Structures are given as C-alpha cells and as structure tokens.
Amino acid sequence: MNETFVQRAYGRVNLIGEHTDYNGGWVLPTAIAQFTEVTLKQRNDKKVILHSSRQREYTYELGQEVPSHDWTDYLKGATKLLHKFTQEKAERFNGFEATIESTIPEGSGLSSSAALEVSFMKAIRLAYHLNVSDVELALIGQRIENEFVGAHVGIMDQMACSLATFHTAVFLDTKNLTYEQIELPYDQMDLLVINSGISHQLFAKGGYNERRAQCEEASKLLGIKLLRDISLPELATKKLPDILMKRARHVVSENERVHLAVKAIKNKDLNSLGQLFIDSHHSMRDDYEVSIPEIDFLVELTLAQSDTFGARLTGGGFGGSIVAITKKGKALEVANSILPLYEKQTKKKATILS
Ligand code: ADP
Ligand code: MG
C-alpha cells in the first residue's frame, strides 16, 4: 500500500488546425516541454484525496461525484467515467491519494486540462491494472469536459496529451481517429511558443461553445453532417447568413491549410509553412473572431522579425498563446527582441515556453 505510481502527460501546442476538431476535421499538435505529473497511492476504501500544488486539498468518495464547478470536476469526472468504462469489462478500482504537480500554465491554450485528465487516468490505470488504451483514455477525457465540466471541446487536446511526442507532430483525423506522426524539420527551424499572459479561462467557455453551436447550425443549413464534408469551392456556391458563412469559411479553409502544412513540412518548405500560419491567424482573427488585440500584436511583432517564417494564435483563442516558426537557432533571439515591446505596450507579462 505504500507503493507510489507516477504518470506524466505533456502539454501540447497545435501547429495548425484550430477549431476543426469538433467539426470532424484535421489538427497538427506537438508536445511541449511543460507537463503535469500525478503521483498516486492506493487506499483500501472508496475515498479519493486530491492534492494539487495550485489548489487546496479536496476529498470525495468514489460513486459520489457531483460537479462543483472548479478544478476537481476534471478529476471527479475522470473517476466517474472511468468507473463506468471499466465496470463494463468487470474491472474495478479503489480509492487513492493523488498528488498533482504541473508546469503547464492554466488557460493558456496549451491543454493543462487535458494533461491533468490524462496523467490522472494513466496513474489510476497503472495502479489498478486497468485495461484501457491511450485512445480510450483520450475519448473519456473529452467526455469529462463535455459532460462534467460543460466545455464542448473536440478530441484534439486529449489525443495530443495522450499521443504527442517532441520531434513529431500528430496529423490527426478527428473523425476517424487515425493519425500519422510527422517528423518536424528541426535541422532547419525552431519552434517558438509564447504565452501572452492573458488566460482564456474567464470568458472562453461561452465563446467556445457559441462557435461550436454556430458550426452545427451552418452544417445543418448546408445539409451536411460535419464541416469537414465540404470543400472551399463548394462552400463558395452556397448561401448562409453572413456570420455562419464566416465561421464555416474558417473551418473549411483551416482544414485545407492543415493538409498543405503537412505537405510543406514533408518538403521542408518553411516559407510555405510560415505563410499558412499567417493565413490561419488572419482566418481566426477575421472570420472566426477568436483572437484579441494583445495576441494580434504579439503575432505582428513576431512576424516583423526577419528570422520568423510564420506566427499565429494557437489553441481555442480569447487569450492564450502564440506559436511561431523561426530560422534554426533564432527563436530565443526573436522572443527576446519582442517581449519588452509587448510588455511595454500591453502591461502584460509574456513567457517563452518552447
Ligand atoms: P487549458 O486547458 O487551455 O489550460 P482549460 O480552461 O481547459 O485551459 O483548463 C484549465 C483548468 O484546468 C484550470 O482552471 C483548473 O481548473 C484545471 N487545472 C489544470 N491544471 C491543474 C493543476 N495542476 N491543478 C489543478 N487544476 C488544474
Ligand atoms: Mg483545456
């Protein structure tokens, strides 16, 4: 009983393919160095005791999980849904004490919530020998957010936290859950991730769920199941209310950009990849309307550096982080030239993550 079980999940940065996952589309995330680590000790009863270095201790009983609209919902949702899943296979788990440590900033579009769910469930799986695959854990993680937390997120974050590695990006088809690991040309480029210092936490959920509902409405009016099922030229021949056309145009064009980005990465064509980042940012800013002035400014500053190939808002938006690609060995130089300008203008503290 004194044995401890430790599991980690890394945060992710999405290179391109934003707001496509709940439309059955394609995404391209890669792991970042920041991670969440869960250390678990089994108990003989049904009690779950949670310690997070960022929160106060919390205790609940397995089978008594009720949402309380705070950080514990991610974990109560995990034991509730994991129990349901393992029960069908006649497997079970007991209570435990879990200690959570994380270096992923919260609400920065780098998936601290998915890393929390995934590392927590992996630790329970390890301690209690549960027969559940990484992909099944990712699907349960998505259900936690949808059904327990009330965030209608797609499957990207949990799949990325479950599967992403450092030197590759996961080219994921979110409808079929098939994926290819794409080698990133780190011999020619650096990846730069900067957290704007503005958390999306306070207002993201409303805006995110609204965007999702608009996509569902657009699909219904177009007579298709998912926005992945239509091409850009086809969409251009259709009639939709203005706002829905803008939302649909972002998703459909973004799907196209993910495919083009994979091609550019395979060809080590970093100029084309950079341009796709720029186009993606404009689409998120103008058609999907999920950027904010501070993020636009950070992107502009980054693009003004001659060593930058491309930069864009990454994650769901309304704050969060940017991702950029620079010439090899130049990421820190670029970041160090822009951060003082950003901080002077916005009075926010930005941080370099990757
Ligand atoms: P993101 O996933 O982009 O970081 P979310 O709003 O989806 O943002 O998730 C952030 C929430 O996840 C936090 O508000 C908190 O409730 C929870 N969370 C993430 N990491 C931790 C942690 N280490 N300890 C406690 N709660 C955490
Ligand atoms: Mg999240």
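Here is a short chat about how to read the domains, salt bridges and a few residues of this predicted model.

Biologist: Before we start, what should I know about the numbering and the model?

Modeller: Residues are numbered from 1 along each chain as its sequence is written, and chains are lettered from A and ligands numbered from 1 in the order in which they are written.

Biologist: Okay. Which domains does the protein have?

Modeller: Domain bounds come from an automatic or database domain assignment. Here that assignment gives domain 1 (4-180) and domain 2 (184-352). Contact means heavy atoms within 4.5 Å, and 41 residues from domain 1 and 43 residues from domain 2 take part in it. The C-alpha centres of the two domains lie 25 Å apart.

Biologist: And how do I read the area buried between domain 1 and domain 2?

Modeller: Buried area is the accessible area (1.4 Å probe) that two parts lose on being put together, summed over both. Between domain 1 and domain 2 that comes to about 3300 Å², with 60% given by carbon and sulfur atoms.

Biologist: How many salt bridges and polar contacts are there between the domains?

Modeller: A salt bridge is a side-chain nitrogen of Lys or Arg within 4 Å of a carboxyl oxygen of Asp or Glu. There are three salt bridges between domain 1 and domain 2. A polar contact is a pair of N or O atoms within 3.5 Å; within protein, one must be able to donate a hydrogen and the other to accept it, and residues adjacent in sequence count only if both atoms are side-chain atoms.

Biologist: Which strands supply the side of domain 1 that touches domain 2?

Modeller: Helices (H or I, at least four residues) and strands (E, at least two) are DSSP runs, numbered from the N terminus. Strands S1 (4-14), S2 (26-27), S3 (29-42) and S7 (168-173) each supply at least two residues of that side. S7 gives the largest share, four residues. As for classes, Ala, Val, Leu, Ile, Met, Phe, Trp, Tyr, Cys and Pro count as nonpolar, Asp, Glu, Lys and Arg as charged, and the others, Gly among them, as polar. By that scheme, this side of domain 1 has 17 nonpolar, 17 polar and seven charged residues.

Biologist: How many salt bridges does the structure hold?

Modeller: The structure holds 22 salt bridges. In one of them, the side chains of Arg 228 and Asp 173 meet at 2.7 Å, N to O. Arg 125 also pairs with Asp 134, their closest N and O atoms being 2.9 Å apart. There is a network too, linking Glu 18, Glu 254, Arg 257 and Arg 312.

Biologist: Is Arg 125 buried or exposed?

Modeller: Buried means under 20% relative accessible area, exposed over 50%, partly exposed in between (1.4 Å probe, protein chains only). Arg 125 is buried, because its relative accessible area is 17%. Asp 134 is at 25%, so Asp 134 is partly exposed.

Biologist: What does the salt bridge of Glu 289 and Arg 247 tie together?

Modeller: The closest N and O atoms of Glu 289 and Arg 247 are 2.9 Å apart. Glu 289 lies in the loop between helix H8 (270-287) and helix H9 (293-303), and Arg 247 in helix H7 (residues 242-266), so the pair ties together parts that are 42 residues apart in sequence. Arg 247 is buried at 3%, whereas Glu 289 is partly exposed at 34%.

Biologist: Which residues is Arg 211 in contact with?

Modeller: Arg 211 sits in helix H5 (residues 204-222) and is buried, with a relative accessible area of 5%. Leaving aside neighbours within four places in sequence, Arg 211 is in contact with Tyr 22, Arg 247, Tyr 288, Glu 289, Val 290 and Phe 318. The side chain of Arg 211 reaches the backbone oxygen of Glu 289 at 2.7 Å.

Note on methods
This is a predicted model: local features need pLDDT of at least 70, side-chain atom pairs count only at pLDDT 80 or more; totals for chains, interfaces and linings use all residues. Side-chain values use heavy atoms; hydrogens and water are left out.
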